[in-house]
Amino acid sequence: MIPPEYELALSALLFCIGLWGVVKRRNAIVVLMSIEILLNAAVMNFVAFSSYANDPSGQVFALLAIAVAAAESAVGVAIFLTLFKARGTIELDRIRLLRW
Amino acid sequence: MKRNELWVLLGLGALFVLMAASFTYTAWESQDAVVNATAVSDSLFGRYVFVMPLIALLLAAAMVGGIYLAKEERS
């Protein structure tokens with residue numbers, strides 16, 4: 001059995017990589033992929049603590065989190081497709097639809 | 001590399017070191033028991049049976065929303 005601190009450290013590393021992508025990158029697809037990495041870090045925490053506590057509930061909710069991630073990426077890609085048709089770009093610096 | 005990127009990188013590095021140190025220095029009790037697939041399936045179709053229809057609803061809503069957002073407008 002893998003010690004939980006290794007899994008949690010890997011999860012923290014994944015979280016930091018995802019956060020770096022969200023903060024640094026300007027391409028909307030890359031930001032969406034970084035958000036997926038953040039969600040995967042959370043899922044890894046679920047699974048790590050489920051394995052540690054010998055309780056399968058964490059893996060059930062990891063499945064739910066994976067479904068949420070799939071739904072989010074599907075809607076996100078559809079929104080970016082519509083934005084690209086309307087504006088011709090998905091660079092987040094150039095999209096100011098929500099700016100008041 | 002720009003100066004603000006360096007600050008972000010330093011902040012993320014500090015965050016990672018803080019989290020990794022907190023995980024490493026926690027006294028985890030060693031446990032030999034491992035959750036197997038039978039336990040997960042029993043939990044999924046027993047106690048948390050609402051999760052499966054919830055996932056189905058969520059994915060169906062995402063599919064309908066994605067198709068609605070991405071469909072071509074007829075001229």
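This is a predicted model: local features need pLDDT of at least 70, side-chain atom pairs count only at pLDDT 80 or more; totals for chains, interfaces and linings use all residues.
Residues are numbered from 1 along each chain as its sequence is written, and chains are lettered from A and ligands numbered from 1 in the order in which they are written.

**View 1. The helix α2(A) and its buried residues.** Helices (H or I, at least four residues) and strands (E, at least two) are DSSP runs numbered from the N terminus. The buried residues of α2(A) include A:Val31, A:Leu39, A:Ala41, A:Asn45 and A:Tyr52, where buried means that 20 or more other C-beta atoms, placed from the backbone, lie within 10 Å of the residue's own. Because the expected span is 1.5 Å times one less than the number of residues, the 26 residues of α2(A) should span 38 Å, which agrees with the 38 Å between its end C-alpha atoms. Just after α2(A), A:Asn54 has a positive phi of about 55 degrees.

**View 2. The largest nonpolar core.** This core has 9 residues in all, among them A:Leu8, A:Phe15, A:Ala41 and B:Phe23; a nonpolar core is a set of buried Ala, Val, Leu, Ile, Met, Phe, Trp, Tyr and Cys residues joined through C-beta atoms within 7 Å. Its largest share, 5 residues, comes from α1(A). Leaving aside residues up to four places away in sequence, A:Ala41 touches A:Ser11, A:Leu14, A:Phe15 and A:Gly18, contact being a pair of C-beta atoms, placed from the backbone, within 7 Å.

**View 3. The contact between chains A and B.** Chain A gives 33 residues to the contact and chain B gives 32 residues. On the side of chain A that touches chain B, α3(A) supplies the largest share, 15 residues. By class, this side of chain A has 25 nonpolar (Ala, Val, Leu, Ile, Met, Phe, Trp, Tyr, Cys and Pro), 6 polar (the others, Gly among them) and 2 charged residues (Asp, Glu, Lys and Arg).

**View 4. The helices of chain B.** Chain B contains 3 helices and 0 strands. Its C-alpha trace spans about 55 × 50 × 15 Å along its principal axes, and 4% of its 75 residues count as buried.

Technical notes: A residue is buried if 20 or more other C-beta atoms lie within 10 Å of its own, exposed if 12 or fewer, and partly exposed in between; C-beta atoms are placed from the backbone. Two residues are in contact if their C-beta atoms, placed from the backbone, lie within 7 Å.
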